[in-house]
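Dear colleague,

I am handing over the structure below, and my notes on it follow. Please read them beside the coordinates.

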Amino acid sequence: MGEKTEFRPGEKAPNTASYIEIGENDFQMGITDPQKITLKAGEKFPNTSNHNRKWTKMESN
């Protein structure tokens with residue numbers, strides 16, 4: 001089974017990383033100025049800008 005890739009507010013971060021807010025269907029509806037955060041493993045995700053959004057790990061370049 002693979003690692004979870006989307007997280008809801010209040011869930012704990014699995015890894016120390018930077019995360020970005022995404023929409024319900026991020027491939028069709030991009031978000032303008034999404035929130036970006038850095039969490040340590042075990043810290044809880046904060047609230048998103050609205051209830052339809054989630055958090056996902058940012059890709060490192």
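Which residues does Glu21 touch, not counting residues up to four places away in sequence? Glu21 touches Ile31, Pro34, Gln35, Thr48, Ser49, Arg53, Lys54 and Trp55, where contact means heavy atoms within 4.5 Å.

This is a predicted model, in which local features need pLDDT of at least 70 and side-chain atom pairs count only at pLDDT 80 or more, while totals for chains, interfaces and linings use all residues. Residues are numbered from 1 along each chain as its sequence is written, and side-chain values use heavy atoms, with hydrogens and water left out.

Glu21 lies in strand β2 (residues 17-22), strands being DSSP runs of E of at least two residues, numbered from the N terminus. Glu21 counts as buried because its relative accessibility is 2%, the cut-off for buried being under 20% relative accessible area with a 1.4 Å probe, protein chains only. A polar atom of the Glu21 side chain lies 2.5 Å from the backbone nitrogen of Ser49.

As for the sheet, 4 strands form an open, antiparallel arrangement in the order β1-β4-β2-β3, with β1 (6-7) and β3 as the edge strands, each pairing on one side only. Strands β2 and β3 pair over 4 bridges (DSSP must find at least two bridges for two strands to pair), and Ser18 stands opposite Thr38 in β3.

Leaving aside neighbours within four places in sequence, Leu39 is in contact with Ala13, Asn15, Thr16, Ala17, Tyr19, Lys44 and Phe45.

Notes:
Buried < 20%, exposed > 50% of the residue type's maximum accessible area, 1.4 Å probe, protein only. Polar contact = N/O pair within 3.5 Å; in protein donor to acceptor, adjacent residues only side chain to side chain.
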